[in-house]
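This report describes the fold and the disulfide bonds of one protein. The sequence and model come first, followed by the text.

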Amino acid sequence: MSSEVRYCEKFSYLFLKATLIVYATVFWLIGGFILAIGIYAEVERQRYKTLEGVFLAPAIILVVLGLVMFFISFIGVLASLRDNLCLLKVFLYTLTICLILELLGGILAIAFHHQTVDILNKNIRKGMVNYYDDLDFKNIMDFVQRKFRCCGGQEYTDWQVNMYHNCSAPGPLACGVPYTCCVSSKPAEVVNTMCGYQVIQKERLQLQHIINIRGCTDAVFIWLMDNYKIMAGLLLGILLPQFFGVIVSWLYITRVEDAITEYGYQLDSLLQERQARKQGKLARCCRCLPELD
């Protein structure tokens, strides 16, 4: 019976070890791949950018995400291969902290919805100031305005913060909006890049068939609410792997600690047995010696 228990414990130990190694290795490779893409994108961005800031730069986000995933997963791989309790606990605690921070961030963003929207609108307007200089932000903003049929952050008049679209600007873009804000009725229709000419100084009702008058922040949140199943699946896809890693790491740490404890008991009994043998040999040897006067 004891041999069967010992076999089950050894099997669970090996199973958890293999699972943790595969789990950490997969995310280690994914982190390295994301890091490589981020570094390449940042090198390209440095070649063509004209700004000093890094606002909403996808390359920076990818580099940070890749670094975090790479180093945390590397610790997990090394700890599981070496059965190092210290590294295993570092891996477990780091995963747990990341998971808790993500949950807290989501809860706070929902609980303080208006503050979150205000911060988002403020940052979007900062990006709109340098819309034509920061190609990364320009591509993101154009995609969002086309995809969600919106214009600006909170509303289309936010484009006044841009020096080219401000109503006091001397150029043809003055008091206008980018053409990605314009209403497109036909998919293959030739784009009129000047369709947003002088729209900022007009009333909203006059622009319903010219540009998309709702802000992109509201449009994105409405889309998220309408597609809550997709968002729930995306959130579960992000959180469940981390939760799985926390559970596997915790179970594996308990098995390693049990193995170390059992090994310690075996080592103590072996040392005691050796010491007893030495004492027995010494006693037998002393009995063989003649008594001295």
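A residue counts as buried under 20% relative accessible area, as exposed over 50% and as partly exposed in between, with a 1.4 Å probe and protein chains only. This is a predicted model, in which local features need pLDDT of at least 70, side-chain atom pairs count only at pLDDT 80 or more, and totals for chains, interfaces and linings use all residues. Residues are numbered from 1 along each chain as its sequence is written, and side-chain values use heavy atoms, with hydrogens and water left out.

**Overall architecture**

The protein has seven helices and zero strands, in the order α-α-α-α-α-α-α along the sequence. Helices (H or I, at least four residues) and strands (E, at least two) are DSSP runs numbered from the N terminus. Of the 293 residues, 28% are buried. The accessible surface (Shrake-Rupley method, 1.4 Å probe; for residues, only the protein chains shown count as cover) is about 19,700 Å², and carbon and sulfur atoms contribute 67% of that area. Among contacts (heavy atoms within 4.5 Å) with a separation of 6 or more, 69% are between residues 24 or more positions apart.

**Disulfides**

The whole structure holds four disulfides, each being a pair of cysteine sulfur atoms within 2.5 Å. With bonded cysteines counted along the chain, the pattern is 1-8, 2-5, 3-4, 6-7.

| Disulfide | S to S distance |
|---|---|
| Cys 151 and Cys 181 | 2.3 Å |
| Cys 167 and Cys 175 | 1.9 Å |
| Cys 182 and Cys 195 | 1.6 Å |

The link of Cys 182 and Cys 195 is right-handed, with 95 degrees about the S-S bond. Cys 182 and Cys 195 both lie in the loop between α5 and α6, 13 residues apart, and the pair links distant parts of the chain. Cys 182 is buried at 12% relative accessibility, and Cys 195 is buried at 18%.

The link of Cys 151 and Cys 181 is right-handed, with 80 degrees about the S-S bond. Both cysteines lie in the loop between α5 (135-147) and α6 (216-226), so the pair ties together parts that are 30 residues apart in sequence. Cys 151 is buried, with a relative accessible area of 0%, and Cys 181 is also buried at 0%.

For Cys 167 and Cys 175 the torsion about the S-S bond is about 65 degrees, so this disulfide is right-handed. Cys 167 is partly exposed at 36% relative accessible area, whereas Cys 175 is buried at 3%.

**Two further cysteines**

Cys 86 is exposed, with a relative accessible area of 54%. Cys 98 is partly exposed at 23% relative accessibility.
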